[in-house]
Number of protein chains: 2
Amino acid sequence: MEKHMTSGIEDVWQPVPASRSARNTINPIRRIVDRMKITPNPAKEMISLSIGDPTHYGNMLPPVEALEAIIEAVQLPTCHGYAPSFGTLEARRAVAKFWSRSDYILKPEDVILTSGCSHALEMCIDCLADPGDNILLPQPGFSLYTTLCQSLGIETRFYDLLPDDDWKVNITHLESLINDRTRAVLINNPSNPCGAVYPEEHLRKLIEICEKHHLPIIADEIYADMVFSNHKFYFMGILSENVPVLSCGGLSKRFICPGWRVGWIVIHDRHNLFKDTIKPGLADLSSRILGPNSVTQAALTHILFETPDSYYEDILNQLQNNAEYVYRSLLEAPGLQPTMPQGAMYMLIRINPSEFRDIADDKDFFMKLICEESISCLPASVFGIDNFFRIVLSTPMEKTEEACQRIIEFCQRHAKSVS
Amino acid sequence: MEKHMTSGIEDVWQPVPASRSARNTINPIRRIVDRMKITPNPAKEMISLSIGDPTHYGNMLPPVEALEAIIEAVQLPTCHGYAPSFGTLEARRAVAKFWSRSDYILKPEDVILTSGCSHALEMCIDCLADPGDNILLPQPGFSLYTTLCQSLGIETRFYDLLPDDDWKVNITHLESLINDRTRAVLINNPSNPCGAVYPEEHLRKLIEICEKHHLPIIADEIYADMVFSNHKFYFMGILSENVPVLSCGGLSKRFICPGWRVGWIVIHDRHNLFKDTIKPGLADLSSRILGPNSVTQAALTHILFETPDSYYEDILNQLQNNAEYVYRSLLEAPGLQPTMPQGAMYMLIRINPSEFRDIADDKDFFMKLICEESISCLPASVFGIDNFFRIVLSTPMEKTEEACQRIIEFCQRHAKSVS
Ligand SMILES: Cc1ncc(COP(=O)(O)O)c(C=O)c1O
Ligand SMILES: Cc1ncc(COP(=O)(O)O)c(C=O)c1O
């Protein structure tokens, strides 16, 4: 923009302050990572293991059936107008049908379409809690939860996940955080950044605690069904007899199209505890910005039901192969302790600074790994836990191999007793 | 959803209340219109003049170039991942170039992509004001402004538009509303529901008042350039030397694709009053739900620059022809006083209840018109002014003619002295 300096306006008109909600909308990943000015090693090609965007390397892309569905939909004269702000009936019916079981039938009225799972989470948090209330969040956990709560003036209370028990919830700790301003418990399963998939029994215990304290559950189930062999995914809303559950999901991960911004809230409310309050509240909140892109909504039935099973099997195979490879490889690396994920697209790896000559913590590890090896991961302090780092498992195998090789060499170089 | 009645949970667990923000997210159109249970006349085909969705009848559709651009973009492997939450550089560059003039150059950094103009407005309001602050809004005005402010806990203060002066702003009234909690003035030009297009001089006066009181402007310019012959559109941000302006716009109206949910904020800030505050604040707020659909972002340059001028000329012609036809026709109708719009896609028509035998006000007019004539309009009380109704001007001419015919007969039938 051109700059006209007239009448020394800056002297009389001070900078316009941003609102509290804007000032409190902090992305810890950007806060921590963007402020570090780091230059990768120019001699080595950059390998990104940091961003949860599976399309980055081109080995994972949306199914061709989904692309065809978009191309078909955009040519319909009927899909360019305003849809109802909570989504078209057809799109909501498709989501309801996709997640129904023979013994658990969802209806279109139980579904609200959103602009990605992020928007679903925003609406659920905004609808359940007032400023000054609190919501219980997992730690380590996806950083958007904190971003959203702080932006909305809602207190964050973090319950511990247990690294030595497959990242299950420390239920005693969770329960100790509940007070009379607690409005909901957010549970992320399968989880980012841990890659945990909770067994049925653990989920039932969580539901029990919520029932005891009359707390609804926000279930972030964006990685629903994204589980490795020998693990099984359970929807909280299906397990829960009495606790109402808002399940947040979307196309982003399952159909490898995070840029499309299509998500949903599935309302599980067997006892109508949300019927006249939260359910219309969510519909009202959706009217602030209206629903997701109408073309993608028109394509949704096709995307959900015409994509062959083999597509998703291939994605899961790639993720699991990467997980197994990284796990086996990094067991060899001095100072590191990988935990084998059970699902989702991430692995958390523990760093033992005492085993290194000159690595102080996860941030230090992260910086030196970029500078020396041109590999970007994420220090898990951005997720609220120190001395771990997170890598994504969606890279092509040759990048994964190269990355592991470099990480091992890096650790050996920095290890106290050179092996 | 199935209903399992176990353990009489309703007795012990009360319905879960919705938050204040959800309870305060009220759409006055839905509030007023949906609550009236009205049955159209089964003998007459329904004609909808109520919804601002130009695609409804198929006579206005997005340009084929836009459809081609989507079809091309969706086949690119690079457009399915996460874009920056404020939009891709390419898309922001396209918007900046589209609205630049030879003597006023916008840069991509001045643009934030949003999920429709609604989302742009939400972000601007949220970023400029805290709960308890106030924003000045036009009356009559687009109802979303009230919905958003109330949802965010921001006080609404309404300045009058003058029906007998082409719906210009009553500037004295506007100024009288300003107090120390006023954070911005929202100006909608060309306007919904009035169809006003403000002359340069009027806009300069508005800017002057804002400068005097150090108030930034939120300019809702979604109908930018949508003006009829002999009128000219001016961007507030280009006219304003000293007052920072957030201009909200989007594809919805200009490219007849409101369902696509692509909008933007263009930041006009010649003196850097927003630089370290509002500008990063808006970028941070965008990280709550991330930007609009990535495929449409990838298609944006093509949509904005390959659509021939003739496309938009045809749209404008249809709107203007409809406006002129309706204006001339309804001048004949007893009890009605149409105002000729200067742009946008709407006309406000005054109702003089004293000239009717049995029509109490705009809501009564609206109800009886549906019941007897199967024509839906909107009572302007939903926009904050009584005894007007709004019709949309995007219908095919044959529907417009039929609708005018029926409205005239309706008015004649209800007029005090049958003509
Ligand atoms: C746990 C979790 N929830 C929600 C999201 C956001 O999903 P979306 O892209 O659909 O907004 C992510 C994205 O990484 C995630 O990891
Ligand atoms: C004045 C005005 N502003 C904003 C909007 C919302 O535009 P969008 O569909 O891009 O959110 C409308 C839609 O009717 C409008 O009339």
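In the predicted model, the side chain of Lys253(A) forms a polar contact with the side chain of Tyr223(A) at 3.4 Å (a pair of N or O atoms within 3.5 Å; within protein, one must be able to donate a hydrogen and the other to accept it, and residues adjacent in sequence count only if both atoms are side-chain atoms). Lys253(A) is buried, with a relative accessible area of 5% (buried denotes under 20%, with a 1.4 Å probe and protein chains only). Leaving aside neighbours within four places in sequence, the residues in contact with Lys253(A) include Gly52(A), Met345(A) and Tyr82(B) (heavy atoms within 4.5 Å). The UniProt record, an unreviewed entry, places the feature "modified residue: N6-(pyridoxal phosphate)lysine" at Lys253(A); such annotations may be inferred rather than shown by experiment.

Ligand 1 is surrounded by 15 residues, and the closest are Ser118(A), Asp220(A), Tyr223(A), Ser252(A) and Tyr82(B) (a heavy atom within 4 Å). Because residues from chains A and B surround ligand 1, the site is shared between chains. Oxygen atoms of ligand 1 lie 2.6 Å from a polar side-chain atom of Ser252(A), 2.7 Å from a side-chain N or O atom of Asn192(A) and 2.8 Å from a polar side-chain atom of Arg261(A). The protein buries 97% of the 390 Å² that ligand 1 exposes when taken alone (Shrake-Rupley method, 1.4 Å probe).

Residues are numbered from 1 along each chain as its sequence is written, while chains are lettered from A and ligands numbered from 1 in the order in which they are written. Local features of this predicted model need pLDDT of at least 70, side-chain atom pairs count only at pLDDT 80 or more, and totals for chains, interfaces and linings use all residues; side-chain values use heavy atoms, with hydrogens and water left out.

Technical notes
Buried means under 20% relative accessible area, exposed over 50%, partly exposed in between (1.4 Å probe, protein chains only).
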